[in-house]
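Opening the notebook on a new model today. I want to look up a few side-chain contacts and some backbone angles, and jot down what turns up.

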Amino acid sequence: VDTYYKILENDPDNTIVLTALGKLMHEAGLASTLKVEMEKACLAKAQALFIKSASVERANKIRKAEKLLTLSSFYLSLNKIDYAIKYGKMAHRLNPSSTVICFIIGDSYFQNEIFSEAKIWYEKALELDSTNLKAFHGIGKIYMANFEYKKAFEHFSKFLRKKEFRNKVN
């Protein structure tokens, strides 16, 4: 951590260091179960670092989308779904061809039990990459949550066939 701060003294807009330090603070905040204040401080610092990192990346849309996706995933891990969706959609506007962004937004809606929206985002991920196993799995989970067991079974069967095929190819 000290090394990162020394780098930032000379280069305060170094997005790689800002992101790495944000991830470290995030992990430290989640791991600190003994001291609630330390957890809050680490998570607040991580949030500030992620936001600064994303705002510095104005020139490159794909890199900025990646930073916003990191921020979205950060909020999803904290169960702050509204922020996860907000930053996920901002990332999607910058990089609409990213299956990972679509999947994370789908997961955010799923975690918030807004299954119709989750399904839309998982389907977008599948439109972009028909072999996206996580999106297949997400849609299967939606069918399970909606008590549509036959559809869930069919979907999970497709998921397993695709996974088997991928394992044979690799």
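This is a predicted model: local features need pLDDT of at least 70, side-chain atom pairs count only at pLDDT 80 or more; totals for chains, interfaces and linings use all residues.

I started with E123 and asked how accessible this residue is: buried, exposed or in between? At 34% relative accessibility, E123 falls under partly exposed.

Next I looked for a partner. E123 makes a salt bridge with K119, and their closest N and O atoms sit 3.8 Å apart.

Where are the two? I found both E123 and K119 in helix α7, which covers residues 115–128. They are four residues apart, about one turn of the helix.

How many salt bridges are there in the whole structure? My search gave two. The other entry I wrote down pairs K151 with E148, with 3.3 Å between the closest N and O atoms. K151 is partly exposed at 43% relative accessible area, and E148 is partly exposed at 28%.

Then I turned to the backbone. N79 has a positive phi of about 65°, though it isn't a glycine. I located N79 in the loop between α4 (61–77) and α5 (81–94).

E113 gave me another positive phi, near 60°, again in a residue other than glycine. E113 belongs to the loop between α6 (99–111) and α7. Buried or exposed? E113 is exposed, with a relative accessible area of 62%.

Terms used
Residues are numbered from 1 along each chain as its sequence is written. Side-chain values use heavy atoms; hydrogens and water are left out. A salt bridge is a side-chain nitrogen of Lys or Arg within 4 Å of a carboxyl oxygen of Asp or Glu. Helices (H or I, at least four residues) and strands (E, at least two) are DSSP runs, numbered from the N terminus. Buried means under 20% relative accessible area, exposed over 50%, partly exposed in between (1.4 Å probe, protein chains only).
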